[in-house]
Amino acid sequence: MAHRITEECTYCGACEPECPVNAISAGDDVYIIDESVCTDCVGYHDEAACVAVCPVDCIFKV
Ligand code: SF4
């Protein structure tokens, strides 16, 4: 389980500092979630922190 950022990402960077496990980093055109690191925020938040702050709703659970 993990989350993924789509190409709709506007590169705003809002999600990166919110991730409790530092799974998010800036890619070339969009931000990227390391799916081997993402825990879906289990143990940290009731819902995914990145999803909660994304202004364009471009993060989904895979
Ligand atoms: Fe990080 Fe949580 Fe988003 Fe996974 S769901 S990338 S752990 S903020």
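Student: Which residues does Asp40 touch, not counting those up to four places away in sequence?
Tutor: Asp40 touches Met1, Ala2, His3 and Lys61, where contact means heavy atoms within 4.5 Å. This is a predicted model, in which local features need pLDDT of at least 70, side-chain atom pairs count only at pLDDT 80 or more, and totals for chains, interfaces and linings use all residues. Residues are numbered from 1 along each chain as its sequence is written, and side-chain values use heavy atoms, with hydrogens and water left out.

Student: What joins the side chains of Asp40 and His3?
Tutor: A polar contact of 2.7 Å joins them; the term denotes a pair of N or O atoms within 3.5 Å, where within protein one must be able to donate a hydrogen and the other to accept it, and residues adjacent in sequence count only if both atoms are side-chain atoms.

Student: Is Asp40 buried or exposed?
Tutor: Asp40 is buried, that is, under 20% relative accessible area, with exposed being over 50% and partly exposed in between (1.4 Å probe, protein chains only). Asp40 has no salt bridge, a term for a side-chain nitrogen of Lys or Arg within 4 Å of a carboxyl oxygen of Asp or Glu. The nearest side chain of opposite charge, Lys61, is 4.2 Å away.

Student: Changing topic, how many salt bridges does the structure hold?
Tutor: The structure holds one. The side chains of Glu35 and Arg4 form a salt bridge, at 2.6 Å from N to O.

Student: How exposed are Glu35 and Arg4?
Tutor: Glu35 is partly exposed, at 32% relative accessible area, and Arg4 is partly exposed, at 38%.

Definitions and conventions
Lys, Arg positive; Asp, Glu negative; His and termini not counted.
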